[in-house]
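Let's take a friendly walk through this protein together. Please have the model open as you read.

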Amino acid sequence: MNRRLPRAYWCHADTPGGPLGPPPGGLLTTAPAHAVAWMRASVRGLTPGLRRDARRRARIWLGDRRTAEVAVRSLRRGRGYAYELPAHEGTWRWTAYPVSVLPLLPPACPPISPHRSPA
C-alpha cells in the first residue's frame, strides 16, 4: 500500500545581500502558519535598514493580516507563496512552498541488505 509522504514547507529568502547583510537562513516546518510567520519575521527584521519607500511597502504588507491568511491557505492547498520587495539594493524575495518529506528510520532499526541475512 502506498502512503502519501508527509508534507512540510520549505522557506527561504533570495536577497541581493549588500549593505543590509546576508539573506536570512531558511526554514523547514510542518505547519504552513509557521512558514508564513517566518517570512513575516524575516521581512520585519529587514525593514529598519530599508529606504523609506521600501520600508513603507514592507510595513503595508506586514500590516495586512488578510494577506497572511491567504498565504497560509495557499500552502495548505499545496501551492507556494512568495513575497517580493523591490528596494534600492535590489529585489528581495521570500518564498515558501510545500515539499514531501521522507521519513527516517529510527536508529534501532538499521536497513537490511537483500544480499545479507540479518545477524
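What you see is a predicted model, in which local features need pLDDT of at least 70 and side-chain atom pairs count only at pLDDT 80 or more, while totals for chains, interfaces and linings use all residues. Residues are numbered from 1 along each chain as its sequence is written, and side-chain values use heavy atoms, with hydrogens and water left out.

The protein has 3 helices and 4 strands; these are DSSP runs, helices being H or I with at least four residues and strands E with at least two, numbered from the N terminus. Of the 119 residues, 32% count as buried, meaning under 20% relative accessible area, whereas exposed means over 50% and partly exposed lies in between (1.4 Å probe, protein chains only). The accessible surface comes to about 8,200 Å², and 56% of that belongs to carbon and sulfur atoms; such areas come from the Shrake-Rupley method with a 1.4 Å probe, and for residues only the protein chains shown count as cover. Among contacts (heavy atoms within 4.5 Å) between residues at least 6 apart in sequence, 56% join residues at least 24 apart.

Now find helix 1 (residues 32-46) and helix 3 (residues 65-76), whose axes come within 9 Å and cross at roughly 135°. Axes here are lines fitted to C-alpha atoms, for helices over the stretch in contact, with angles running from 0 to 180 degrees between N-to-C directions. That angle makes helix 1 oblique to helix 3, since angles under 35 degrees count as roughly parallel, over 145 as roughly antiparallel, 65 to 115 as roughly perpendicular and the rest as oblique. On the helix 1 side, the contact is made by Pro32, Ala33, Ala35, Val36 and Arg40, and helix 3 brings Arg65, Ala68, Ala71, Val72, Leu75 and Arg76.

Staying in helix 3, look for Ser74. Ser74 counts as buried, at 11% relative accessibility. Leaving aside residues up to four places away in sequence, Ser74 touches Arg79 and Gly80.

Back in helix 1 sits Gly45, which is exposed with a relative accessible area of 59%. Gly45 and Pro24 are 21 residues apart in sequence and 9.4 Å apart in space, C-alpha to C-alpha.
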